[in-house]
Amino acid sequence: MRLHKSLALLYENISQHSKRFYHKTLTNTCQHTNTEYAFDEDVLLSKENQQRCLEKMKAAAPMGLRLRGNQSEMKFAAVLIAICTDENGRNPSILYTRRARTLRRHMRQISFPGGIQDENEDFITCALRETEEEIGLPRSRVEIWGTGNLIKPPHTAAIMPVIGAVKNFRESELNLNVDEVEEAFAVPISRLAHPQTLHYTQFQSGYSGPVFIVDVDKKIWGITGFLTNTFLNCFLPPEMNYLKNRVKYIRPLKIDAGDKK
């Protein structure tokens with residue numbers, strides 16, 4: 001739960017940059033003619049694909065750099081990327097939370113369950129403990145696959161993604177800590193993996209980040225968008241992955257001072 005404060009610092013830093021830069025959201029340039037995204041779930045949920053996913057996650061390029069070694073950057077955290085399946089072991093989805101609207105900063109942002117690592121605590125234990133504290137999902141319900149690569153975004157704790165599976169998942173089994181979390185929900189991978197869901201936010205500085213728009217009020221961006229994009233590109237076999245195209249840099253329009261209102 002303490003990761004929420006660290007994530008808030010990063011979102012605030014991005015927001016401050018957005019005030020200085022004109023930016024636009026761009027859709028993925030990859031075109032897919034089918035209206036429904038379909039994949040072979042037997043392949044996707046196989047042990048072979050699980051191993052391939054973990055190997056790619058560990059080899060993924062780290063995000064960001066340490067800056068001045070401030071107090072936030074000296075901490076470590078873990079988040080849980082939970083792959084949920086229904087009572088038949090089908091329809092895989094990813095579990096997300098939404099920050100409570102009563103929080104002081106960046107209320108209602110979407111994130112993964114997780115938080116700051118306690119002393120003498122490993123990343124997997126941290127992710128499971130924080131998940132149970134935030135949404136009431138017992139750690140015994142999570143089948144751990146493994147961990148990814150430590151990412152080090154500026155102005156916040158270094159974050160380790162922990163990947164696990166939750167079988168026979170029902171949102172009704174969760175017990176939310178309403179002081180921290182407003183809601184928890186699972187998004188089907190078939191929805192996340194569709195090219196029309198993936199967008200990008202691009203700033204004049206050249207920075208661009210993935211944004212998954214899965215509903216009118218469900219926009220997954222920032223660290224959560226980055227981790228979602230990284231995970232999907234590792235989890236989806238090449239023949240099922242339509243998210244591979246990268247957005248091209250487009251020079252923003254310059255606006256004269258006289259045109260500004």
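Which residues form one aromatic cluster? Tyr96, Phe112 and Phe185 do.

The model is predicted, and local features need pLDDT of at least 70, side-chain atom pairs count only at pLDDT 80 or more, and totals for chains, interfaces and linings use all residues. Residues are numbered from 1 along each chain as its sequence is written, and side-chain values use heavy atoms, with hydrogens and water left out.

View 1. Tyr96, Phe112 and Phe185 make up one cluster. Over the ring of Phe185 sits the charged end of Lys218, 4.8 Å from the ring centre (for this, NZ of Lys or CZ of Arg is within 6 Å of the ring centre and within 35 degrees of the ring normal).

**View 2. Phe231 and Phe235.** The structure contains five aromatic pairs (ring centres of Phe, Tyr or Trp, the last by its six-membered ring, within 6.5 Å; planes under 30 degrees apart are stacked, over 60 edge-to-face, the rest tilted). In one of them, Phe231 and Phe235 have ring centres 5.1 Å apart and planes at 15°, so the pair is stacked. Both residues belong to helix α6 (residues 222-235) and are four residues apart, about one turn of the helix (helices are DSSP runs of H or I, at least four residues, numbered from the N terminus).

**View 3. Helix α6.** From first C-alpha to last, the 14 residues of α6 reach 20 Å, close to the 20 Å expected at 1.5 Å a residue (1.5 Å times one less than the number of residues). Of these 14 residues, 12 are buried, so α6 is largely enclosed by the rest of the structure (buried means under 20% relative accessible area, with a 1.4 Å probe and protein chains only). Phe231 has a relative accessible area of 0%, and Phe235 also has 0%.

Note on methods. Helix = DSSP H or I, 4+ residues; strand = E, 2+ residues; numbered from the N terminus. Buried < 20%, exposed > 50% of the residue type's maximum accessible area, 1.4 Å probe, protein only.
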